[in-house]
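Take it one section at a time, and turn the view as you go.

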Amino acid sequence: MAALATSQLATTHAGFGLGGDTSMFRRGVQGLRGPRASAPGTLSVRTSARAVPRQQSRRAQRGGGRLPSLVVCAAAGMNVVFVGAEMAPWSKTGGLGDVLGGLPPAMAANGHRVMVISPRYDQYKDAWDTSVVSEIKMGDRYETVRFFHCYKRGVDRVFIDHPSFLERVWGKTGEKIYGPDAGVDYKDNQLRFSLLCQAALEAPRILSLNNNPYFSGPYGEDVVFVCNDWHTGPLSSYLKSNYQSNGIYRNAKTAFCIHNISYQGRFAFSDYPELNLPERFRSSFDFIDGKINWMKGGILEADRVLTVSPYYAEELISGIARGCELDNIMRLTGITGIVNGMDVSEWDPSKDKYIATKYDVSTGTGKKKFERMLMSAEEKYPDKVRAVVKFNAALAHHIMAGADLLAVTSRFEPCGLIQLQGMRYGTPCVCASTGGLVDTVIEGKTGFHTGRLSVDCKVVEPADVQKVATTLKRAIRVVGTPVYEEMVRNCMIQDLSWKGPAKNWENMLLSLGVAGSQPGIEGEEIAPLAKENVAAP
Ligand SMILES: Nc1ncnc2c1ncn2[C@@H]1O[C@H](COP(=O)(O)OP(=O)(O)O[C@H]2O[C@H](CO)[C@@H](O)[C@H](O)[C@H]2O)[C@@H](O)[C@H]1O
């Protein structure tokens, strides 16, 4: 019998990633109104950071720098600043956190100076208070944010500290990032993430960071910001209105990356003034449903639009259903797809702390004892299914290591990480033919394709059920045969790391032409997965 992991992993956590797709959004902001509203278009971000030294010459530093202890890198490069609502392992509800955890170290390994900025949802014991503060306009009043920092795997991790992040989520990292309960958003998410965008724009200028052996001082103004999902939609607009119109960040550019288009950050149109953006940006944010749409604004105002696989990029512009009503906007701007990598140090079957029996491609075999147990369980409960509906990192690793097949029956899948994780653990995937699954799973070689499934989430099409059942049966018949063994091997010998994707990202970001940007070098990240970068309440 084949042990089968269903797409539970892909679906159970979906309730956490709530986003702002909220017709029920009603925000009570009266309590936040204050006397210091500034006119649209004026610089509303004020900093009280202490003076910082000028950034030293990168090349001079690299030339004379000592050999790095964590990352092998040298020469050239660019300043890249990722901004997002999640950053694994400090915060994660799904793949967005994984990407902001794994891609930046791979870029840093190639010699780029890389910062990632996300909220400080918890008292992370490895992140220090920089003592740098900034006053940010949040709705009608100014709020003070503090910047916390740690340097890990060659990357500056910057955490924005504000009560609207820490007080809500404290001690519950991984949950409650977007709302008090699954399916419920915080009423002030618009203000929380506007604060994140504005604070993120301050960080490269005011933080003097000196841990990296090749760089020191602030990043400065020649940077490329990489915005991720709707939470960062207004960042490009703030860059233009608060800085570039005042002669700051003249050469900076932005890229906007779509991980999940289902959550677009739709808010009542009457809330637009709360963003403190000039009128000229209103048309970028307004939407056909009479709301403002953060993702639309993010797409239209960025210098480049990306998503996480080439096939998904095609799907997004194919029509309303797969483009979720933003297809026409993306046809206008164009969109580039780059397949995600995965964190091969976190997901390593030969070292995985969660699994008792470590293995690699040369030891990928099943245990007779467990096979017998499964068979007897099947005899006893022939029609029963075990569903575990909770976020459990250890169980996720167990499933990848223990299953014979992984079913990923997504209607949409921008890239998908669980099929990569499955393949890394020698678990071929039975997947729907959509998005990144098309780009990453090869029929008959590393998995099985069901064909495309309907995107109408309200109905279960009998034809889709048939497709899934037929493909599962087809796959189960292969399990245990030499063909299956070959598929397991094909899965495990692939390089699924961030190395290749990081190079693709580099080329795309270089094409934006930020002053001083240069190609990186072939670097190897050699740092072990840091044990200490876990959250601690
Ligand atoms: N119950 C559970 N317990 C523990 N861990 C669990 C879990 N359920 C899921 N996970 C983990 O969460 C991550 C899920 O990432 P995915 O990329 O598969 O989907 P997600 O929709 O979150 O990401 C979105 O963004 C990513 C990143 O771009 C795209 O790959 C994807 O297609 C897009 O939908 C994986 O690391 C998985 O192991």
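## Around the ligand

By class, the shell around the ligand holds 12 nonpolar, 11 polar and 2 charged residues. Keep in mind as you look that this is a predicted model. In total, 25 residues surround the ligand, and the closest of them are Gly94, Gly95, His259, Cys415 and Leu417. Two or more shell residues come from each of α1 (8-12), α3 (95-109), α13 (393-402) and α14 (418-424).

Which element gives the largest share of the shell? That is α3, with 4 residues. Both domains take part as well: domain 1 and domain 2 each give at least three residues to the shell around the ligand.

The protein is divided into domain 1, made of the segments 11-27, 78-341 and 498-517, and domain 2, which covers 343-492. Taken over C-alpha atoms, the centres of the two domains are 31 Å apart. Their contact takes 21 residues from domain 1 and 14 residues from domain 2.

On the domain 1 side, α3, α9 (310-316) and α10 (320-323) each supply at least two of the residues that touch domain 2. That side of domain 1 divides into 7 nonpolar, 11 polar and 3 charged residues.

Start with α5, which runs over residues 189-206. From its first C-alpha to its last, this 18-residue helix reaches 25 Å, close to the 26 Å expected at 1.5 Å a residue. Is α5 mostly covered or mostly open? It is mostly covered, with 16 of its 18 residues buried.

Now find α18, a helix of 12 residues at 499-510. It reaches 17 Å from its first C-alpha to its last, close to the 16 Å expected at 1.5 Å a residue. The buried residues of α18 are Pro501, Ala502, Trp505, Glu506 and Leu509. Why do these residues line one face of the helix? Seen down the axis of α18, they fall within an arc of 145°, so they line one face. The buried residues of α18 pack against β4 (79-83), α3, β9 (224-228) and β10 (253-258).

## A buried tryptophan

Trp347 is found in the loop between β14 (336-337) and α12 (368-380). Trp347 counts as buried because it has 24 C-beta neighbours inside 10 Å, where the cut-off is 20 or more. Leaving aside neighbours within four places in sequence, Trp347 is in contact with Met342, Gln421 and Arg424. Ile288 is 59 residues from Trp347 in sequence, and the two C-alpha atoms are 42 Å apart in space.

## Backbone details worth a look

Most residues other than glycine have a negative phi, and most peptide bonds are trans. A cis peptide bond joins Ala88 and Pro89, with omega at about 5°. Pro89 is found in the loop between β4 and α3.

Asp229 has a positive phi, near 65°, and lies in the loop between β9 and α6 (235-243). Asp229 is buried, with 26 other C-beta atoms within 10 Å. Cys324 also has a positive phi, near 45°, and is found in the loop between α10 and α11 (327-333). With 18 C-beta neighbours inside 10 Å, Cys324 counts as partly exposed.

How values were computed: Residues numbered from 1 in each chain as written. Predicted model: local features only at pLDDT ≥ 70, side-chain atom pairs only at ≥ 80, totals over all residues. Near = placed C-beta within 6 Å. Nonpolar A, V, L, I, M, F, W, Y, C, P; charged D, E, K, R; others polar. Domains from an automatic or database assignment. Expected span 1.5 Å × (residues − 1). Buried ≥ 20, exposed ≤ 12 C-beta atoms within 10 Å, placed from the backbone. Arc of directions from axis to C-beta. Contact = placed C-beta atoms within 7 Å.
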